[in-house]
Amino acid sequence: MPTRRALLQRAAACLLACPTGRRTRAATPDLGVAPALPHRMLWLHRVQTREEGQILYYESGALVPDGYSLLCYLLRDVRAEQVASMDPKLLHLLFGMQTWMRACGIRQPLRIDSGYRTAKTNANTEGAAIHSQHRFGKAADFAVAGIPSAVLAKLAQRFAAGGVGVYPTFVHVDTGPVRRWTG
């Protein structure tokens, strides 16, 4: 198991390696993920339920129905036990972030705190926006063990795919309008 210092060094190196400036033609459709990656797999760990999986959700230019359904289940509203269709762009964003981390030697699941939220769950979530992207299956709150949320947020911002919120113990990403905040 790498030390915290080693993880931080890898994360910093990863950020330095991220493309900067304007988005290129190749970055636009796949959020910076090389088109040469025909298979896309996400490694998620759901904190509340301890469910975990490495799930193939995209293959040969299309969503894999079983994998996509399983990711929607993992990203469900666990309080209401309700599943919703998650935005594939959100899944691609999470995949892009995880791919960058893997390229830097960081091989860990994304620890999901929140994905989809029903209107009732959202209303009962402290600090949640009334029209939160969580309500539409377009947001996820997550952490990666040993990596500060500020570092994850900087990585997410490089994709320019939507909103990025930095919180003390997690980062929020969504596929709504591009914006940034600290909570």
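Predicted model: local features only at pLDDT ≥ 70, side-chain atom pairs only at ≥ 80, totals over all residues.
The arginine is R107, in the loop between α4 (88–103) and β4 (110–114). The helix is α6, spanning residues 149–159, and the strands are β5 and β6, each of which pairs with β7.

- Setting aside neighbours within four places in sequence, R107 is in contact with W43 and R102.
- W43 sits 64 residues away from R107 along the chain, yet their C-alpha atoms are separated by 9.2 Å.
- As for R102, its backbone oxygen lies 3.3 Å from a polar atom of the R107 side chain.

**Helix α6**
- The buried residues here are S149, L152, A153, L155, A156 and F159.
- Look down the axis of α6 and those buried residues fall within an arc of 160°, so they line one face of the helix.

**Strand β7 and its partners**
- β7 covers residues 171–174, with V171 and V173 pointing one way and H172 and D174 the other.
- All four of those residues, on either side of the strand, are buried.
- β5 (residues 139–143) pairs with β7 in the antiparallel sense over four bridges, and F142 stands opposite V171.
- β6 (residues 163–166) is also antiparallel to β7, over three bridges, with G165 standing opposite H172.
- To get from β6 to β7, the chain goes through a hairpin of four residues.

Methods
Residues numbered from 1 in each chain as written. Heavy atoms only, no water. Helix = DSSP H or I, 4+ residues; strand = E, 2+ residues; numbered from the N terminus. Contact = heavy atoms within 4.5 Å. Polar contact = N/O pair within 3.5 Å; in protein donor to acceptor, adjacent residues only side chain to side chain. Buried < 20%, exposed > 50% of the residue type's maximum accessible area, 1.4 Å probe, protein only. Arc of directions from axis to C-beta. Pairing = 2+ DSSP bridges.
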